[in-house]
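Subject: Structure for your files

Hello,

Here is the structure I promised to pass on. My notes on it follow below.

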Amino acid sequence: MAVYPKGTLVFSSWSRPVRVVVVGCGPAGVYAADLLTKSERVKSGGLVVSIDVFDRYPAPFGLIRYGVAPDHPRIKGIIGALHKVLDRGDIRFFGNVDYGVDLSLADLRKHYDVVIFATGAVDDAALNIPGIGLRGSFGGADFVSWYDGHPDVSREWPLDAEQVAVLGNGNVALDVARVLSKHADDLLVTEIPENVYAGLKGSPVTDVHVFGRRGPAQIKFTPLELRELSHSRDVDIILYPEDFEFDEASDEAIRSNNQVKTMVNTLTNWLVEQPEESRASRRLHLHFLHNPVEVLGEGGVVTGIRFERTELDGTGNARGTGEFLEYPVQAVYRSIGYFGSALPEVEFDAGRGVVVNEGGRVLDAEGKPVPGLYATGWIKRGPVGLIGHTKGDALETVTCVLEDLEGLPVAEVPGEDAITGLLEARGVRYTTWEGWHALDTHEKNLGHHWNQQGRGTLEGRPVVRERIKVVPREDMIRASRGGAAV
Ligand code: NAP
């Protein structure tokens, strides 16, 4: 019997390891790779898997590195679990490799038996209202990318508005509103890059208004994230009694759903307890029953936003009342959901922003499963649910992979090193897991250096920074590939 590297086991009908590539090294991709190695059929010795995970960014962890807010260390902590998986050494990581640019589907098909797409959803859902293209109107996801130090987003962000509108009542809207309203010094303990701290420090913002189109019982926030709003120093939360409308569906939701009940209680307590006059230098307003209809502007620049007041229709949905309200704001952030990007050579559902699939099996234009092609995570089911939910999703996809393996043709594939040879021949400066360790150490050293210089104090105490993120792609690659320190 052939001898395979540690961590590989042989599947009965396969005379060699099954070569698997996962495209996307966020939680969805790592969970899928990990579950595959831990499946019963692998553990029982019937299956050998050899797994490579690619990512278009030089660093791994996808949405956790580039989507989770910097002041959410508990969620960022999931990186620890993913780190452990990739530290085991039985899954290879290649960063800075862009599917559709550096490698085509044909390349992947040639080198692997199974392709799993886990590319997530990074774009903002569109809001088609007049004025949405004005200067000062932004996608919340783009702003998240900026404050999370995404390598492909401009280093500069125009933070010149005193009054800001954030549209949407989901957790991304909360992140955006919280980061916009927080004092920059309170974010210094996080990993925010230098340019982000400098940008936020210069922000003249005084009022951030968050608008939901339905009522307080229809919010998509989660209780912990909502409560956290009240922890921001020198930021008052302002609510409006006329927005507290509950229909039958709201009452039912409050009765039957503990999360809704908790959040409605939180909001109601804030409403009742709010001071008559705000003494804080910044305010975060929560408005409900406001449907955005137009971003107002002058000379191509945002000057306000117009809403139609809504009312609940008994089912928890909102309908227009014919009453219109305008707010003077100089910036509008729409946080009304993410949207997946189409992947080259794969059928895409442009309405839902997902790869066309059934339970994770990618389908062709006729709706038939494409042998060996799978999807998992947000690109499979859309941008809903918390990171943990992605695990169940990965399990479903991996189960499909395992069910289908016996029927897959065992074609000739080049050896494991052929893919790196191909990347090198194409001049792709890919990064590796060892490279991530180097970048990780480098970012921690930047934090350490900052601490040694004693560059900041907050309320009389020195600020201790664990890490400072490296932003430019070139600098990330250089640090990962053993180049000069940045
Ligand atoms: P989301 O939870 O789906 O919320 C989207 C919000 O946008 C909803 O309030 C929705 O209102 C509103 N909306 C949609 N279309 C609109 C329109 N045309 N006009 C006005 N409002 C509109 O999406 P998300 O905030 O992007 O979050 C995505 C997922 O990531 C969620 O599962 C979220 O919990 C998770 N996440 C978690 C955290 C965390 O800290 N735990 C942080 C970020 C994201 P309707 O309800 O009326 O449709």
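The shell around the ligand is made up of ten nonpolar, eight polar and five charged residues (nonpolar being Ala, Val, Leu, Ile, Met, Phe, Trp, Tyr, Cys and Pro, charged being Asp, Glu, Lys and Arg, and polar the others, Gly among them). This is a predicted model, in which local features need pLDDT of at least 70 and side-chain atom pairs count only at pLDDT 80 or more, while totals for chains, interfaces and linings use all residues. Residues are numbered from 1 along each chain as its sequence is written, and side-chain values use heavy atoms, with hydrogens and water left out.

Among the 23 residues around the ligand, those that come nearest are Asn169, Asn171, Arg213, Arg214 and Gly385 (a residue is near if one of its heavy atoms lies within 4 Å). Helix H8, residues 171–181, contributes the most to this shell, with three residues (helices are DSSP runs of H or I with at least four residues, strands are E runs of at least two, and both are numbered from the N terminus). Because domain 1 (18–122 + 340–430) and domain 2 (125–334) both give residues to the shell, the ligand lies between them; the domain bounds come from an automatic or database domain assignment.

Oxygen atoms of the ligand lie 2.8 Å from a backbone N or O atom of Gly385, 3.1 Å from a backbone N or O atom of Val172, and 3.1 Å from a side-chain N or O atom of Lys220. The protein covers 84% of the 920 Å² of accessible area that the ligand has on its own (Shrake-Rupley method, 1.4 Å probe).

The whole structure holds 22 aromatic pairs (rings of Phe, Tyr and Trp, the last by its six-membered ring, with centres within 6.5 Å; planes under 30 degrees apart are stacked, over 60 edge-to-face, the rest tilted). Tyr57 and Tyr66 are edge-to-face, at 5.4 Å centre to centre and 70° between the planes. Both Tyr57 and Tyr66 are buried (under 20% relative accessible area; exposed is over 50%, partly exposed in between, with a 1.4 Å probe and protein chains only). Phe307 and Tyr327 have centres 5.8 Å apart and planes at 80°, so this pair is edge-to-face. Phe307 lies in strand S12 (residues 301–312) and Tyr327 in strand S13 (residues 318–328), so the pair ties together parts 20 residues apart in sequence.

Leu289 has a positive phi, near 60°, and is buried at 0% relative accessibility. Glu345 also has a positive phi, about 70°, but is exposed at 54%.

Regards

Conventions. A polar contact is a pair of N or O atoms within 3.5 Å; within protein, one must be able to donate a hydrogen and the other to accept it, and residues adjacent in sequence count only if both atoms are side-chain atoms.
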